[in-house]
Amino acid sequence: CKGVEFSLADNLRRLLVQDYEDYEVHFVVESAADLACSVIRKLIAEKPKVAVQLIVAGRATNCGQKIHNLSVATGRLDETVKTVVFVDSDAAPERDWLTRLVAPLSKCNVNAVTSYRWFVPRRATLTNLILCSINATAMGLVCSRRQAVLWGGSWAISQNAFSQSDVRLSWQGCLSDDLIASQRMDRMRLNVKFEPQCVVTSSVDYDGPAMWEFLRRQCFVGRWYRTRTWLLSLAFTTVSMTTFWGGLILALILSISGFSIAAGSSLAAACSLWAMASVRAIWRHDAGRLFVEKQTAELERVRLFDICAYPLVLTVCWLGILSATVGRSVWWRG
């Protein structure tokens with residue numbers, strides 16, 4: 001936990017009412033002065049029957065603060081703990097989330113289980129709509145049936161596999177917890193399963209600078225820890241940008257020059273790309289309705305925006321990926 005964000009109390013309370021027989025919750029903060037501590041202490045008082053610990057990890061010195069927090073917390077786990085589950089404080093899991101996330105680990109060919117987030121905008125502003133659309137598109141990079149990429153906001157692993165894969169050791173000196181863990185799973189040939197029934201909702205309400213900071217940070221981390229995927233994303237979005245905007249500009253030039261047939265072909269190529277993107281958006285949000293049972297007016301606006309606003313979303317996404325090619329620092333939770 002870091003600070004008091006949207007719906008923090010409700011999100012953390014959900015962790016204390018999980019439909020699971022035997023579990024305990026460890027809340028981890030950097031400092032006892034963190035504003036999240038007062039929220040956590042109130043929840044502990046509300047649910048005295050749930051095993052809860054508040055861990056103050058201290059300030060990080062040679063890695064990301066989140067990684068430092070997780071390293072301290074996992075280093076204190078009792079040997080009797082069979083399964084370790086990670087969840088971010090901005091996630092809003094359902095009551096059966098823990099049960100469904102842990103269940104696949106009983107299968108002999110599953111070593112870790114992960115899920116993803118589905119952004120729910122608090123307001124249907126342009127920046128929120130753009131971010132929700134980009135996030136929905138990114139889910140396709142995570143939920144591979146062959147080998148899913150771990151997402152740090154919702155994943156589970158047996159403590160035995162966690163120890164054998166030396167994830168804590170790999171975290172040292174790094175910024176990304178989940179992508180580093182994914183690398184270790186790949187190298188150790190440990191199977192990671194994506195569990196769609198455990199997709200969690202997450203409230204967002206960003207202004208322009210905050211949205212750009214979030215987007216650039218995601219791309220920046222991907223550049224450093226998932227370089228091949230980042231390069232493929234850059235190549236794909238660059239080709240899409242060239243095809244779409246180049247097609248429109250070329251169609252305009254050819255039309256002015258009197259080459260109407262060639263202009264029509266160029267325009268058709270750009271429109272075809274937009275049409276295919278709209279179909280993919282429809283599929284994404286139809287699947288999203290399976291993840292998020294409570295559909296709101298804001299989510300419906302996201303769906304319509306994602307279907308119609310492909311040129312804008314593509315451009316912002318491309319600029320975000322491109323911005324990660326330079327610089328060696330990002331802002332993250334202050």
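1. Start with two helices. The axes of helix α1 (residues 8-15) and helix α2 (residues 36-46) come within 10 Å of each other and cross at roughly 40°. This is a predicted model. What does that angle make of the pair?

2. Now look at who makes the contact. From α1 come L8, A9, L12 and R13. From α2 come A36, V39, I40, L43 and E46. Which classes do these residues fall into? Seven are nonpolar and two are charged. No polar residue takes part in the contact of α1 with α2. R13 on α1 and E46 on α2 belong to the contact, and Arg and Glu count as charged.

3. Check the backbone at D166. Most residues other than glycine have a negative phi. D166 has a positive value, with phi near 55°. Where does D166 sit? Its place is in the loop between α6 (159-164) and α7 (167-171). D166 has a relative accessible area of 37%. Partly exposed lies between the 20% limit for buried and the 50% limit for exposed, so D166 is partly exposed.

4. R189 is found in the loop between α8 (177-187) and β7 (192-194). Is R189 buried or exposed? R189 has a relative accessible area of 76%. Exposed means over 50%, so R189 is exposed.

5. Step back to the whole chain. How many helices and strands does the protein chain have? The count comes to 13 helices and eight strands. Along its principal axes, the C-alpha trace spans about 75 × 40 × 40 Å.

6. Finish with burial and contacts. Of the 334 residues, 46% count as buried. Next, take contacts between residues at least 6 apart in sequence. What share of them joins residues at least 24 apart? The share is 78% in this protein chain.

How values were computed. Residues are numbered from 1 along each chain as its sequence is written. This is a predicted model: local features need pLDDT of at least 70, side-chain atom pairs count only at pLDDT 80 or more; totals for chains, interfaces and linings use all residues. Side-chain values use heavy atoms; hydrogens and water are left out. Axes are lines fitted to C-alpha atoms, for helices over the stretch in contact, and angles run from 0 to 180 degrees between N-to-C directions. Helices (H or I, at least four residues) and strands (E, at least two) are DSSP runs, numbered from the N terminus. Contact means heavy atoms within 4.5 Å. Buried means under 20% relative accessible area, exposed over 50%, partly exposed in between (1.4 Å probe, protein chains only).
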